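Trainee: Can you walk me through this one? I have a few quick questions.
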Amino acid sequence: MKRRILIWLLVVFIPIISGVAYIFITWQKPPVAELSEARLSLSDAEKVNRSPSAEIIFQRAVSQYDSAMLLWQLENDKIFFLRNYNQVIRLSDQSKQLAKASIEKAKSENSDMKEILLQRKKQLTKLIDYYLSVFKHLPLSKSQRNEWTKGRMLLQEGIFAYNKENYELTIQKFDSAELFIKRIMNYSTRLIEDYFKSYPDWKYWSESAIVHSRKHKTNCVIIDKFARKCMFYNKGVLQYEFDIELGPNWIGDKKRQGDKSTPEGVYKVTRKKKNGETIYYKALLLNYPNENDKKRFVQNKKNGVIAGHATIGNLIEIHGRGGKGTDWTDGCIALKDTDMDKLFTACQVGTEVVIVGSLKTYDELLK
Amino acid sequence: MNTNQMNKKMKIKFLSGIATLGLAILLFSSCAKLPQAEIDTANVAIEEARVSGAEIYAKDNFIALKDSMKSVMENIEFENSKFFKSFSIAITDLEGVTQFALEVKMETATKKEELKSEIQATIAEVKSLLEINNLLILDAPKGKEGTSALVAIKGELAAIETSIQQASAMMESEDYIATLDKAKAAKEKASAINAELLEVIAKYKKNKRV
C-alpha cells in the first residue's frame with residue numbers, strides 16, 4: 001500500500017514539481033521598470049520646447065513606447081509560461097533612448113536657434129536705430145509711416161515670442177518685420193542717394209560763402225537742412241550754431257508755393273522783421289525766389305514737373321517760434337526765440353544765407 | 001472494501017483535488033475583469049482637456065496628466081501579467097486620473113479667461129489711447145503751424161488700428177498668447193505715439209506763449 005502511494009506520488013508530483021521549477025527558472029518578470037523608465041523619459045522630453053527635427057525623434061520615441069505597451073498586452077494574452085517580454089524590453093529601451101536623444105537634440109538646436117534669433121533681433125533693432133539716427137527727419141507718406149509702424153510692432157511681437165522661447169513664431173514675426181522695415185529703409189536710401197547728387201553744389205556754395213566772409217570780413221549764415229543746423233560765420237569763423245526746424249516736406253529743393261519745402265541756394269537777407277512785425281517773434285526775410293529759382297521754376301513747368309497753374313511762392317524767412325521738436329513750417333527756417341535774438345542781432349540786410357541739403361557727404365553721414 | 005477499491009478511491013480524491021485547485025486558479029485569475037469603462041472615461045476626460053487647449057494653456061499639468069494615465073495603464077498590464085489579478089487599485093487610480101483631467105480642463109479654462117480678460121483690457125487701453133491720440137492731432141495748432149506736421153502720425157495710428165482689429169479677429173481663433181502679444185505691441189506703440197504727441201504739443205504751446 002505504502003509502496004503504491006509512493007509510486008503515485010513520484011508519478012504525479014515529480015513532473016509537477018519539475019514543471020513548476022522549469023517555469024520559475026524560465027519565467028520572465030513583467031517589464032514594469034523598463035516601461036516606467038521609458039515613460040518618464042518621454043515626459044521629460046515632452047516638457048522641452050522641441051525643434052522640428054527633435055519632434056521627429058520624439059514621435060519615434062512615442063511610437064516605440066506605444067508598440068511596447070501593445071506587445072506587452074499581446075504577451076499577457078498568452079499562457080504565462082509562454083510569455084516572452086524581450087521584444088517589449090527592447091522597444092522600451094529604444095523609446096527611452098530616443099526620448100533622451102530628442103531632449104539633447106532640442107536643447108542643442110534651441111540653443112543654436114536662440115543665438116541665431118538673438119543676433120537677428122539685434123540686427124533688426126540696430127537697423128531701426130540706424131534709420132532713426134540717419135533718416136530721422138526724412139518725410140514719409142502716411143502709408144509709409146503705416147508700414148514702418150507695422151514693421152516695428154511685428155518686431156516687438158517677435159521679441160515677445162522670443163522671450164517665450166516660441167522660436168517658430170519668432171522667425172515668422174521677424175521675417176514680416178524685416179520685410180516692412182527694409183522696404184522703408186530701401187526707399188529712404190534711394191531718396192537720400194538721389195538727394196545727395198546735389199552735394200557738389202552744396203559744398204561749393206557753403207565753402208565759397210565762408211571764404212568770402214573771411215576775405216571781405218563779413219558774416220554769413222549757412223543752413224544745413226539734413227543736420228538741422230543754422231551756422232553763423234563772422235569773418236570766416238563759426239560764431240553760432242543753432243538747432244532749426246523746417247517744413248514737413250523739407251527734402252529736395254523748393255519747386256512751387258505750398259510744397260512745404262525749403263529752397264536750396266545762395267540768398268540774401270532782404271528785410272529784418274522786428275517783434276511785432278511778424279507773428280513768428282522775429283524774422284529775416286530772404287530773397288526767395290532768386291534768379292536761379294525763377295529759371296528752374298519755368299523749366300520745371302515746361303518739363304511738366306509742376307502743374308501749369310502753380311506759383312513759385314515767396315516769403316521764405318528765418319524766424320522764431322521754433323523748438324517745437326517737429327517739422328512744422330511751410331518751408332521757412334524756424335529757430336528758438338532765444339537763438340533768433342542772437343541771429344537777428346548778428347545779421348544785417350544783405351547778409352548772405354546759404355541753404356544746403358548737407359555739409360557732409362552721404363558716406364560721412366552713414367559712418 | 002478491498003485494497004484496490006481503496007486505492008481507486010484515493011486516486012479519484014487526489015485527481016478531483018487537483019482539478020478543484022486548477023479550477024480555483026482559473027477562477028481567481030479570470031474573475032478580475034479589465035476596468036475598460038474606467039479606462040474609457042479617463043481617456044475621454046483627457047481628450048476633453050486636450051480639446052479645451054490644455055496642451056497650450058496648462059502644458060505642465062497636461063503632460064503630468066498623460067504621464068499618470070500611462071502609469072495606470074502600465075499598472076493594469078502588470079496586473080494582467082499576474083495569476084491573481086486585482087484591478088481595484090487601478091480603478092481608484094483611473095478615477096484619480098479622470099478627476100485630474102477635469103482639474104486640468106478647469107485650469108485651462110481659467111487661464112484662457114485670464115488671458116481673454118487681459119487681451120480685452122489691453123485692446124480697450126489701446127482704443128482709448130488711439131482716441132486720445134486722434135484728439136491730440138486735432139488739438140494741434142491750426143494755420144501755418146497746422147496739423148500737417150502731425151498728419152504722418154495718422155499713418156502710424158492707422159497701423160495700430162489695423163493691429164488691434166487683427167488681435168480682435170485672432171481672439172475668435174482662441175490663439176490667446178499670440179493675440180496678447182499683438183495687443184501688447186500695439187499698446188506699446190500707441191503709448192509711444194501718445195508721449196511723442198504730448199511732447200510736441202507741449203512744445204507748441206510753450207513756444208506759442210513767448
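Predicted model: local features only at pLDDT ≥ 70, side-chain atom pairs only at ≥ 80, totals over all residues.

Trainee: Okay. How many helices and strands are there in chain B?
Mentor: Chain B has seven helices and zero strands. Along the sequence, the pattern reads α-α-α-α-α-α-α.

Trainee: And what percentage of the residues in chain B are buried?
Mentor: Of its 210 residues, 32% are buried. As for contacts in chain B with a separation of 6 or more, 76% are between residues 24 or more positions apart.

Trainee: Switching to chain A. What domains does the assignment give?
Mentor: The domain assignment lists domain 1 (2–108), domain 2 (110–196) and domain 3 (199–366) of chain A.

Trainee: How far apart are the C-alpha centres of domain 1 and domain 2 of chain A?
Mentor: They lie 54 Å apart. Five residues of domain 1 of chain A are in contact with five residues of domain 2 of chain A. On the domain 1 side, those are one nonpolar, three polar and one charged.

Trainee: Next, H5(A). Is it largely enclosed or open, and why?
Mentor: Largely enclosed by the rest of the structure, because 17 of its 22 residues are buried.

Trainee: What span should H5(A) have, at 1.5 Å a residue?
Mentor: Helix H5(A) covers residues 142–163 and should span 32 Å. Its end C-alpha atoms are 32 Å apart, so the two agree. Just after H5(A), Glu165(A) takes a positive phi of about 60 degrees.

Trainee: Last one: H9(A). Which of its residues are buried?
Mentor: In helix H9 of chain A, residues 337–346, the buried ones are Asp339(A), Met340(A), Leu343(A) and Phe344(A). They cover an arc of only 130 degrees around the axis, so they sit on the same side of H9(A).

Trainee: Why would residues point the same way?
Mentor: An α-helix has 3.6 residues a turn, so residues three or four places apart point the same way.

Trainee: And what covers the buried residues of H9(A)?
Mentor: The cover includes strands E2 (229–234), E3 (237–243), E4 (265–273), E5 (283–286) and E6 (317–319) of chain A.

Technical notes
Residues numbered from 1 in each chain as written. Chains lettered and ligands numbered in written order. Domains from an automatic or database assignment. Contact = placed C-beta atoms within 7 Å. Nonpolar A, V, L, I, M, F, W, Y, C, P; charged D, E, K, R; others polar. Helix = DSSP H or I, 4+ residues; strand = E, 2+ residues; numbered from the N terminus. Expected span 1.5 Å × (residues − 1). Buried ≥ 20, exposed ≤ 12 C-beta atoms within 10 Å, placed from the backbone. Arc of directions from axis to C-beta.
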